[in-house]
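Trainee: Could we go through this entry together? I would like to start with the overall picture and then turn to the charges.

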Amino acid sequence: MFRRTFWFTAGAAAGVWATTKVNRKLKQLTPESLAARAADKAVEAGHRLKDFALDVRDGMAEREAELGDALGLNAPVDPELPAQRRLALVEPATDKNPKSLANTTDTTYSYNRNEDH
């Protein structure tokens with residue numbers, strides 16, 4: 001009698017366990033659940049990509065500083081040296097009647113500069 005009761009209880013427990021497991025798996029495979037999981041993965045991938053971009057930016061700044069130190073670009077300016085000169089802008093001479101392609105009546109002008117003749 002105890003043997004039958006034991007196996008009946010073991011079978012019922014196995015059935016309940018298997019049913020619960022199958023129902024959980026079916027809930028995971030619903031379209032809403034799949035969409036939510038995909039959205040979570042996309043957000044996680046976005047965070048990883050952002051972290052990667054920040055790491056690359058930090059590495060670039062660090063390497064730029066190393067190169068600046070190696071080339072002496074970050075060194076303080078010697079106060080005995082004169083200040084850097086700037087070039088003056090020279091304004092182009094303006095004609096009263098500027099010549100453009102629209103104003104020319106010369107028909108020998110070629111628009112194709114790759115002509116062989």
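This is a predicted model: local features need pLDDT of at least 70, side-chain atom pairs count only at pLDDT 80 or more; totals for chains, interfaces and linings use all residues.

Trainee: What percentage of the protein chain counts as buried, then?

Mentor: Of its 117 residues, 1% count as buried.

Trainee: And how many helices and strands does the protein chain have?

Mentor: There are two helices and zero strands. Helix α1 covers residues 2-28, and helix α2 covers residues 31-71.

Trainee: Turning to charge, which residues gather in a patch of positive charge on the surface?

Mentor: That patch is formed by K21, R24, K25, K27, R37 and K41. Both α1 and α2 supply at least two of its residues.

Trainee: Which helix provides the largest share of the positive patch?

Mentor: Helix α1 does, with four residues. K21, for instance, lies in α1.

Trainee: Which residues make up the patch of negative charge?

Mentor: On the surface, D51, D55, D58 and E62 gather into a negative patch. One of them, D55, is located in helix α2.

Trainee: Why does D55 count as exposed?

Mentor: The cut-off for exposed is over 50% relative accessible area. D55 has 53% relative accessibility, so it counts as exposed.

Key. Residues are numbered from 1 along each chain as its sequence is written. Side-chain values use heavy atoms; hydrogens and water are left out. Patches are made of residues with over 30% relative accessible area and no salt bridge: like charges are joined within 9 Å, nonpolar side chains (Val, Leu, Ile, Met, Phe, Trp, Tyr) within 5 Å. Accessible areas come from the Shrake-Rupley method with a 1.4 Å probe; for residues, only the protein chains shown count as cover. A salt bridge is a side-chain nitrogen of Lys or Arg within 4 Å of a carboxyl oxygen of Asp or Glu. Lys and Arg count as positive and Asp and Glu as negative; His and the chain ends are not counted. The place of a charge is taken as NZ of Lys, CZ of Arg, CG of Asp or CD of Glu. Buried means under 20% relative accessible area, exposed over 50%, partly exposed in between (1.4 Å probe, protein chains only).
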